[in-house]
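Below are my notes, in the order in which I looked things up.

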Amino acid sequence: MPCPMCNKSQDKKYRPFCSKRCADLDLGKWLTESYSIPAVETDEEDSIPTEFTPNESNLH
Ligand SMILES: [Zn+2]
């Protein structure tokens, strides 16, 4: 299988790429594209709903 970045034969060490350069290029592409995706994981920690139960003993 050729390197997806430049179509050279891939290196075992940098599979599926032919070199670190191509692997880095692809990673850079990935990071840029993922900027549009909101980081859900970090958001969740702030917005965990607290299990607030109203004081039911007042209703009785
Ligand atoms: Zn390459």
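Which residues coordinate the zinc ion? I found Cys-3, Cys-6, Cys-18 and Cys-22, each through its SG atom, at 2.3 to 2.4 Å. Donors here are N, O and S atoms within 2.8 Å of the metal (3.2 Å for Na, K and Ca), and water is not among the atoms, so sites may look incomplete.

Before going on I noted the terms of use. This is a predicted model, where local features need pLDDT of at least 70 and side-chain atom pairs count only at pLDDT 80 or more, while totals for chains, interfaces and linings use all residues. Residues are numbered from 1 along each chain as its sequence is written, and side-chain values use heavy atoms, with hydrogens and water left out.

**Entry: the zinc site**

I looked up the angles among the 4 donor atoms of the zinc ion and found 101 to 117 degrees, so the site is listed as tetrahedral, a label given to four donors if all angles lie between 85 and 135 degrees. For reference, the ideal angle for four tetrahedral donors is 109.5 degrees. I then wrote down the spacing of the donor residues in sequence, which is C-x2-C-x11-C-x3-C.

Buried means under 20% relative accessible area, exposed means over 50%, and partly exposed is in between (1.4 Å probe, protein chains only). Cys-3 is buried because its relative accessible area is 0%. Cys-22 has 6% relative accessibility and so counts as buried. Cys-18 has 16% and therefore also counts as buried.

I also searched the whole structure for disulfides (pairs of cysteine sulfur atoms within 2.5 Å). The search gave 0.

Helices (H or I, at least four residues) and strands (E, at least two) are DSSP runs, numbered from the N terminus. I counted a salt bridge where a side-chain nitrogen of Lys or Arg is within 4 Å of a carboxyl oxygen of Asp or Glu. How many salt bridges does this rule give? It gives 1.

The partners are Lys-20 and Asp-24, at 3.0 Å from N to O. Both lie in helix H1 (residues 20–33), 4 residues apart, which is about one turn of the helix. Lys-20 is partly exposed because its relative accessibility is 46%. Asp-24 is at 40%, so Asp-24 is partly exposed too. I also noted that Asp-24 and Tyr-14 are 10 residues apart in sequence and 9.8 Å apart in space, C-alpha to C-alpha.

Asp-26 is another residue of helix H1. Asp-26 is buried yet has no salt bridge. The nearest side chain of opposite charge is that of Lys-29, 4.0 Å away. For charge, Lys and Arg count as positive and Asp and Glu as negative, while His and the chain ends are not counted.

I then listed contacts, meaning heavy atoms within 4.5 Å. Leaving aside neighbours within four places in sequence, Asp-26 is in contact with Met-5 and Phe-17.

**Entry: the segment before H1**

Is Phe-17 buried or exposed? Phe-17 is buried, because its relative accessible area is 9%. Phe-17 lies in the segment before H1. Not counting residues up to four places away in sequence, Phe-17 touches Cys-3, Pro-4, Met-5, Gln-10, Asp-11, Cys-22, Ala-23 and Asp-26. Phe-17 and Met-1 are 16 residues apart in sequence, with their C-alpha atoms 9.3 Å apart.

Lys-8 has a relative accessible area of 56% and so is exposed. With residues up to four places away in sequence not counted, Lys-8 touches Pro-2, Cys-3 and Cys-18. Lys-8 and Ser-19 are 11 residues apart in sequence and 9.3 Å apart in space, C-alpha to C-alpha.

**Entry: backbone notes**

Most residues other than glycine have a negative phi, and most peptide bonds are trans. I looked for departures from this.

Asn-7, in the segment before H1, has a positive phi of about 70 degrees although it is not a glycine. Asn-7 is exposed because its relative accessible area is 61%. The peptide bond from Arg-15 to Pro-16 is cis, with omega near 0 degrees. Pro-16 also lies in the segment before H1.

Definitions and conventions:
Tetrahedral: all angles 85-135°; square planar, octahedral: opposite > 155°, others 65-115°.
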